[in-house]
Amino acid sequence: MKPLVLWSDALIYLLVISLSIFFYKLRQDPQTRERWGQVFASRLGMVTFTVIIAYVGIALLDSLHFRRALDATEGVESGEIFYDNKVTSVLDVMLGGMGERFERTYSAPFALKSFEKKNMKDEQGLAIRDYPPLKHAGQYLADPADKWFDVLVKTTAALLWGLVISALVVGVQWFMLRGSANPWYASWGIQAVIICFGVWLVSISHYYHVLGTDLGGTDVAYQSIKGVRTGVLLGTLSTLIMLPIAVTLGVMAGYFKGWVDDVVQYLYTTLSSIPGILLIAASVLLFQVYIDLNPDFFSIGMEKADARFIALCFILGVTSWSTLCRLIRAETLKISQLGYVQAAHAFGVSHTRILARHILPNVVHIILITFVLDFSALVLAEAVLSYIGVGIDPSMGSWRNMINGARSELSREPAVWWTLSGAFFFMFVLVLAANLFSDLVRDAFDPRTSMRSSGT
Amino acid sequence: MTHQTGMTPKTDIRMRVRNLKVKVADSGDEILKGVSFELQAGKVFALVGESGSGKSVTSMAAMRLLPEALVITDGAVEVEGQDLFELSESRMQTVRGQRVAMIFQNAMTALNPVQNAGKQVAETLRLHTTLRGDALRQRVLQLFAEVGIPDPDSRYNFYPHQLSGGQQQRVMIAMALACEPDILIADEPTTSLDVTIQEQVLELIRDLTHSRQLAVLLITHDMGVVRNTADEVAVMYRGEIIERAVVDDFFHNPQQEYSRRLIDALPDLTHFQSVAVEQPLLQLDDVKVYFPIRQGVLQRVVDYTRAVDGVSLTIGRGETYALVGESGSGKSTLGRAILNLDDIAGGRITFKGEPIQSLPRRAMLPYRKKIQVIFQNPFSSMNPRLTVGEIITEGMISLGLGLSAAGREERIKQLLQRVQLEPEFSQRYPHEFSGGQLQRIAIARALAVEPELIICDEPTSALDVSIRAEVLDLLQELQREFGVSYLFITHDLSIVPSLAHHVGVMRSGKIVEQGSAQQLLTNPQHPYTQALLASVPRTDPA
């Protein structure tokens, strides 16, 4: 076994660490603490935050990659160990090989037989055309009619296990958070639901394809879960690539005014007058050519897909900073006219110190609000890009690739609905949670809403 | 015109508010604790109090216009024997337009900016009367003439931003009068206006009260306005009416300690600061500050706004120079120019004989220690994310006062005590303080670098009357103790006599008259100074 760190893995962990430091620092500011307290004092805040953390957790587990050592080929004696070209993640292991149970092609959820007919030979050796049985679904059943009873039994067992595990997890938290005034019970409830669902999904996938299989015979549930990493990463990485650009330029434009402001304004007006999709498509294709021309940079296919993914994040980030930049410029313009900045000038405080102490801390709320709002927009942007055929490499599990295929699948008769549903479900839950959470964050941090609630 | 002529001596009660109680829906805090009063035809009833005393809530509650967070828990509001709280919402709307009219503090935001003034008044008339076409227009012009808008025919087509603040308020009043109401509720109608215009608008309200036999509820925080306008006054304090009297009795013999404090905040034009022999500290010589007006694609400079246009003045050591002027006269810009926050276009600024105009940042640093500033709005002049201690030390660090961390700590404590605050406050954040406390902190911040001149830019105009006096007293005490000079920028002539040694009156970027406070206030030469002085409300009506 050999651990493998992809570029995106490194980035996501770097990001988690820097975000933790950032939030730890923010905690020291009593006003910020009070506002976060407001977010977490509501049940909705707790629930949505738990859901988001669950997604992030899945993405993190899916970012610990390694390559399995191959068994030595018989007859060849060499000290060298060869590694599998396929990259496995910790999540794959936890899912209990869910991704390794391939069928030939489509099969419906909980089906025992394939969705398409195939030429076969029966016991007498006659050629017949029928639905072949699936390799990994319920083949141990003596009578296909027992299927739903079997599902019920296995579900009950899985749920019991799930409840035991959730009881342990919740129990530990309950013990640690006894004194907290926040509605943790809401979070515990959702944790229990997620754990039970996870345990059920993993255990029952050993016997059935819960969400069926797709064209290539891969388990749809597995693909949907693999899509979590791509979705979460795309959202966060592009936002974080965009943030420094937007903040630096916006603050500089608003604070120094004059020609700096002119340059920044020209930059973002130019950028926002080019259709975004066109720009993204052109850049992705350009980068694709670069990858194809330099095959030596990437030892395995996964690395190539990963490079393309990072490029996409980068491009999405670089093209979407203008809105935030505008907001920050306006806010900085306002703040730099306020008494405390003027007073700092009168005290001869240097520009860097004014920017760091007076301006930046007071635009953080805008950054935060934009971060959470843009996050869901970027997850959705991924799906939009499918229509022009740029975006994530097909070998990398992603919701957009699943949705992309839905055009032809839904037009069949009978329709293949489960790939779309799988992607839809996982994406919907994430975007909904992110949106609701961002609403709460905005309400807590936006000075206008806080004024409205306290004004008489 | 249909108004009655001749005064009716009998008391004609138009509106009766009885035991009005209002609570905050969430917390159950009582905002109004049983307020009762009556409005009489042809009389102005003034409701006075400081911000947060519940005076605006009273009027909103009476009109059933409270925000959702507040609920009326008890009481009744009767108009012609009809309890307004029992009416349906649609009936209430006709009451609001036709029986009771309201005017608000900020006319600019109450008028629709994209519709011309005449049309907005006509719209109201169209809703409530049957007038149409030319008759409608004639009625609007008639109203404009009644509220004293000059040249109503052309003003009819003006958009709100083309009208001055006073004219906007007049349009609002015309709109309120359009439907011939019996009762007028005026909520701080003159607070955002300059003193000279304020006086005219009050005059108009007074005239209308008599000519139309209106019952007026005047809500204000300004005792001068009450003195000049009202017939009867009620003082509100923390949701209660603590004193109610006829205006003359009230000013001569206030019953409550709190009322006395409010009245004492009015200026006394008989005592002045004596002018000492002085050494010049700061001299301005023909100082000009121009802001370019840019136009076109290339932002060419086509002209300049002459914010400060040739100002010369001298401030002596340990004295206070009051710079008086209405908003937009360029007085704040002058202050910023002295601080080198705005570039000057011409002239000389000398501090202790050294020229300091247009110095680069580093060369200016030694003078920053000597010249400090206090701003108008205490809430925006402190970074909400720093503790009071950090705010006060900022200048000490950046100007290199050479104190150790412990020394700075000690200094913060001294300063806070000096401005009559607790030393423990240094660990707290600005939002935990009231406006008056914050302004004290701002004073402490300025004092931290041991300045010789403090530019006070309207330091008390955002404060309530009773707190204003305390802050001014503190400033004077500090002057006696440290010998610091003040350039006191204000629009409020009433605080000048007790405070300033010298006064300059500023208008459109120029000083029209300056001299010692006594000389200028007792014997003003320039007509503008005379107008300003005439509009100052005073305890003894002249």
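Before checking a helix length, I noted that the expected span of a helix is 1.5 Å times one less than its number of residues. I also kept in mind that this is a predicted model.

Entry one, a helix of chain A. I looked up helix H6 of chain A, residues 184-205, and found that its 22 residues should span 32 Å at 1.5 Å a residue, which agrees with the 31 Å that separates its end C-alpha atoms. I then listed the buried residues of H6(A), among them Trp184(A), Ile190(A), Gln191(A), Val199(A) and Ser205(A). Seen down the axis of H6(A), the buried residues fall within an arc of 165°, so I wrote that they line one face of the helix. Turning to what they pack against, I found helix H3 (43-61), helix H5 (147-176) and helix H7 (220-256) of chain A.

Entry two, a hairpin of chain B. I saw that strand S9 (residues 232-237) and strand S10 (residues 240-246) of chain B pair in the antiparallel sense over 6 bridges, and that Ala234(B) has Arg244(B) as its bridge partner in S10(B). Between the two strands there are 2 residues, and in this hairpin Arg238(B) takes a positive phi near 50°.

I noted that chain B gives 26 residues to the contact and chain A gives 18 residues. On the side of chain B that touches chain A, helix H13 (361-370), strand S16 (371-374) and helix H14 (388-398) each supply at least two residues. Sorted by class, that side of chain B has 15 nonpolar, 7 polar and 4 charged residues.

How values were computed
Residues are numbered from 1 along each chain as its sequence is written. Chains are lettered from A and ligands numbered from 1 in the order in which they are written. This is a predicted model: local features need pLDDT of at least 70, side-chain atom pairs count only at pLDDT 80 or more; totals for chains, interfaces and linings use all residues. Two strands pair if DSSP finds at least two bridges between them. Helices (H or I, at least four residues) and strands (E, at least two) are DSSP runs, numbered from the N terminus. Two residues are in contact if their C-beta atoms, placed from the backbone, lie within 7 Å. Ala, Val, Leu, Ile, Met, Phe, Trp, Tyr, Cys and Pro count as nonpolar, Asp, Glu, Lys and Arg as charged, and the others, Gly among them, as polar. A residue is buried if 20 or more other C-beta atoms lie within 10 Å of its own, exposed if 12 or fewer, and partly exposed in between; C-beta atoms are placed from the backbone. The arc is that of the directions from the helix axis to the C-beta atoms.
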